[in-house]
Amino acid sequence: MVVSEISQKKKMRFRKTLLAWYQEHGRDLPWRKTDDPYHVLVSEIMLQQTQVDRVIPKYREFLEKYPDIKTLAEAPQEDITATWKPLGYNIRPVRLHSIAREVQETYGGKIPDTPEDLEKLKGIGKYTAGAVSCFGYRKPVPLVDTNVDRVLQRVFFGNPASQTTKEDKVVWELARALVPKKNAYDYNQALMDFGAIVCTARKPLCLLCPMQAFCSAYPVSS
DNA sequence: TTCCAGAGTA
DNA sequence: TACTCCGGAA
């Protein structure tokens with residue numbers, strides 16, 4: 001199964017079902033100011049491999065101390081690293097600091113809005129680049145994290161536990177083909193929430209899932 | 001043990 | 001592609 005072989009009908013059905021689910025069950029991230037790319041950047045770096053419940057208090061503390069990218073760029077690295085703890089993966093505050101400095105120097109203090117430019121910054125990979133571009137600037141770009149990866153693999157390729165597991169590249173291609181140009185922000189947020197709430201890694205809620213009629217993995221045995 | 005809103009390195 | 005970084009929950 002290749003991305004180009006997937007019917008437009010299934011893609012449309014997927015998008016429609018996802019957004020309908022999101023209107024009812026979606027949880028936005030009210031703790032995050034999504035109209036400020038700097039806030040999105042900080043939160044997304046914190047969220048790398050780290051649960052949201054642990055991020056929220058630290059995110060608040062961090063932004064109180066470093067309210068904008070200029071303040072962060074000029075702060076001593078030891079302070080930033082100390083503030084970061086105990087979130088873990090302690091190379092992240094070092095890289096976030098270097099990102100802030102580079103944005104100041106190279107981009108005049110404005111965080112880039114395209115995934116291509118964002119990925120040039122060390123510490124920002126494919127996912128975070130997409131997230132900052134979409135959630136910070138509302139660009140219609142794809143983004144794939146482990147939740148999205150799992151949802152797309154199941155719905156379009158079957159249970160990833162089977163041999164049909166697709167490479168990263170294929171999933172990104174599919175994600176790109178699926179992002180709507182209009183409300184990519186809601187779509188991507190919905191996709192991630194759906195993976196976190198319904199299409200979970202363990203014990204997915206297949207019996208409550210609105211996609212069971214066209215999901216290639218339904219029902220996932222757990 | 002495995003997994004969770006990953007990314008860099010070899 | 002595999003390994004490492006980190007902490008906490010299931």
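## A guided tour of a predicted model

Start by selecting helix H9 (residues 146-157) and helix H10 (residues 168-178), which pack at an angle of about 85° with their axes 10 Å apart. Helices here are DSSP runs (H or I, at least four residues), numbered from the N terminus, and axes are lines fitted to C-alpha atoms over the stretch in contact, with angles between N-to-C directions running from 0 to 180 degrees. That makes H9 roughly perpendicular to H10, a label for angles of 65 to 115 degrees. Now show side chains: H9 makes the contact (heavy atoms within 4.5 Å) through Asp149, Leu152, Gln153, Phe156 and Phe157, and H10 through Val170, Val171, Leu174, Ala175 and Leu178. Eight of these contact residues are nonpolar, one is polar and one is charged; Ala, Val, Leu, Ile, Met, Phe, Trp, Tyr, Cys and Pro count as nonpolar, Asp, Glu, Lys and Arg as charged, and the others, Gly among them, as polar.

A word on what you are viewing: this is a predicted model, where local features need pLDDT of at least 70 and side-chain atom pairs pLDDT 80 or more, while totals for chains, interfaces and linings use all residues. Residues are numbered from 1 along each chain, chains are lettered from A and ligands numbered from 1 as written, and side-chain values use heavy atoms, without hydrogens or water.

**Next, colour the domains.** In chain A, domain 1 covers 3-28 + 141-208 and domain 2 covers 37-137, with bounds from an automatic or database domain assignment. Their centres, taken over C-alpha atoms, are 26 Å apart. Where they meet, eleven residues of domain 1 are in contact with eight of domain 2. About 830 Å² is buried between them, with 78% from carbon and sulfur atoms; buried area is the accessible area (1.4 Å probe) that two parts lose on being put together, summed over both.

**Now look for charges.** How many salt bridges lie between domain 1 and domain 2? The count there is zero, a salt bridge being a side-chain nitrogen of Lys or Arg within 4 Å of a carboxyl oxygen of Asp or Glu. By this rule the model's count comes to five. Select Glu44 and Arg32, whose side chains form one at 2.7 Å, N to O. Glu44 sits in helix H2 (residues 37-47) and Arg32 in the loop between helix H1 (8-25) and H2, twelve residues apart.

**Finally, visit the backbone.** Another cis bond joins Tyr218 and Pro219, with omega about -10°; Pro219 is in the segment after helix H11 (184-197). End at Arg138, in the loop between helix H8 (126-137) and H9: this residue is not a glycine, yet has a positive phi of about 55°.

Definitions and conventions:
Helices (H or I, at least four residues) and strands (E, at least two) are DSSP runs, numbered from the N terminus. Angles under 35 degrees count as roughly parallel, over 145 as roughly antiparallel, 65 to 115 as roughly perpendicular and the rest as oblique.
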